[in-house]
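Could you load the model in your viewer and keep the selection panel handy? We will go from stop to stop together.

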Amino acid sequence: MILYSMPSSGNSYKVRLLLALLGRRDVSLINVEAQSDALTRARQDHRLPFGKAPALMLEDGTLLPESNAILCYLGEGSQFVPADPVERAQMLGWMFWEQNQHEGVIAVRAALRTYPHRRAQATPDHMADLLARGHDLLKVMETHLLQHDWLTGTGPTLADICLFAYTHSAGDRGGFDMTRFPGIRAWIDRIVRLDGFEGLEGSRGQS
Ligand SMILES: N[C@@H](CCC(=O)N[C@@H](CS)C(=O)NCC(=O)O)C(=O)O
């Protein structure tokens, strides 16, 4: 299998993190950094079905786009997918929320501060709006994590791996005030201590 992965992106990192936690070394990485020739080539060759990274190419050439769909595929049958249907639905609920609420604010603010080609969109009003909305979203996680160790059930699931990707760097990269969220910080520490954990910078692969 081949993972088309953007080294600096949380959506790709969440897949790399799951692979690391599963101890899987059988997936090759091809790096397609933003604005790189490798990204352009992968798009031209239709190796990124939706034009975005990550995408996973299976042994038979089938391509899977969307980070959270890839997590579901790779996590199937593992300890990170609850057997109980209610817990599994709760896990998916957090993962849908990550894509339709959290990512569009937390990751976007980080991207506007990180990538030179996106700086024109980082107007003071837009950044202030993203900051306020991001703190509200982090509060949703905080409320839950003050009462529970994990987003669903009694152990880490795909939901924790998924939401860790952009939440752990929300302070440094996004400029959010994480001192307000002790529950989230304790949850981050729990994830970092999981066997096999690999950080965002630990990416391997070739371009
Ligand atoms: N919903 C998609 C989002 C994928 C996405 O937006 N990928 C970004 C990096 S985080 C990308 O490929 N950006 C390159 C570009 O748009 O030029 C997922 O979760 O996989």
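Predicted model: local features only at pLDDT ≥ 70, side-chain atom pairs only at ≥ 80, totals over all residues.

Residues are numbered from 1 along each chain as its sequence is written, and side-chain values use heavy atoms, with hydrogens and water left out.

**The sheet.** Show the strands (DSSP runs of E, at least two residues, numbered from the N terminus). Four of them make an open, mixed sheet, ordered β2-β1-β3-β4; strands pair if DSSP finds at least two bridges between them. Now pick β2 (28-31) and β4 (63-65): these are the edges, and each has a single partner strand, so one side of each lacks a neighbour in the sheet. From one strand to the next, the twist averages 20° (axes are lines fitted to C-alpha atoms, for helices over the stretch in contact, with angles from 0 to 180 degrees between N-to-C directions).

Select residues 2-5, strand β1, which runs parallel to β2 and is joined to it by four bridges. Tyr4 sits opposite Ile30 of β2. Helices are DSSP runs of H or I, at least four residues, and contact means heavy atoms within 4.5 Å.

**The cysteines.** With a disulfide defined as two cysteine sulfur atoms within 2.5 Å, the count is zero. Is Cys162 buried or exposed? Cys162 is buried, at 0% relative accessibility, whereas Cys72 is partly exposed at 25% (buried is under 20% relative accessible area, exposed over 50%, partly exposed in between; 1.4 Å probe, protein chains only).
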